[in-house]
Amino acid sequence: MRQVRADEYAEFAAVRAGHLYRSACLLTAGDTHLAEDLVQETLGRLYVNWRRVSRVGNPAGYAQTVLMRTFLAHQRRLSSTERAMDVLPELPDDGAGRDMPLRLTLLQALARLPAKDRAVVVLRYWEDRSVEETAQVMNVSSAAVRTRCTRALGRLRELLGEDLGEYARP
């Protein structure tokens, strides 16, 4: 029986790891090393509680909730000891992808948002969750989610400008 649960967990982790990683990259504003750490910690927490998690109606949603809470806990720990850099380091131009300027601009703008505002944006617009689902994941009221969402989108408009047409494909 124990082997069956381990196999179920391994299958779940293999299927969901990529999606968790993409969400973590957005939450960390492109810090891939931190994103990997967050996913690893999330999967570790799921493994420890897999017996209970596997009985949940939506283990993928549960994993996203664990990821979000892991990210927010990490941000709380960092807030008193480390400071984020204001400028991203130069990246080599290998000519891959025409979306790179847009991607970097969006990641830089996300990085300038407070952690909880960034989490709301990722949950609402990347994960496509409702206000109520976002509130449940973040353990706050729906009104707090709406307020944070409005504030975060306003800040993104300030940072990015009203029109992103210059970054869109022709």
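## Pocket lining and helix packing

The lining of the second largest pocket divides into 14 nonpolar, three polar and three charged residues (Ala, Val, Leu, Ile, Met, Phe, Trp, Tyr, Cys and Pro count as nonpolar, Asp, Glu, Lys and Arg as charged, and the others, Gly among them, as polar). The model is predicted: local features need pLDDT of at least 70, side-chain atom pairs count only at pLDDT 80 or more, and totals for chains, interfaces and linings use all residues. Residues are numbered from 1 along each chain as its sequence is written, and side-chain values use heavy atoms, without hydrogens and water.

The second largest pocket holds about 540 Å³ of space. A pocket is an open set of points on a 1 Å grid over the protein atoms alone, where a 1.4 Å probe fits, with protein on both sides within 12 Å along at least five of seven lines; lining residues have an atom within 4 Å of a point. The volume is the space filled by probe spheres set on the points, which are joined across faces, edges and corners. Of its 20 lining residues, Leu26, Leu106, Leu107, Leu110 and Trp126 lie nearest the centre. Helix α5 gives the largest share, five residues. Helices are DSSP runs (H or I, at least four residues), numbered from the N terminus.

| Helix | Residues |
|---|---|
| α5 | 100-111 |
| α6 | 115-126 |
| α8 | 142-160 |

The axes of α1 (residues 2-27) and α2 (residues 32-48) come within 9 Å and cross at roughly 145°; axes are lines fitted to C-alpha atoms over the stretch in contact, and angles run from 0 to 180 degrees between N-to-C directions. By class, the contact has 13 nonpolar, two polar and one charged residues.

Proline 59 lies in helix α4 (residues 59-78). Not counting residues up to four places away in sequence, proline 59 touches Phe12 and Val53.

Key. Helix = DSSP H or I, 4+ residues; strand = E, 2+ residues; numbered from the N terminus. Contact = heavy atoms within 4.5 Å.
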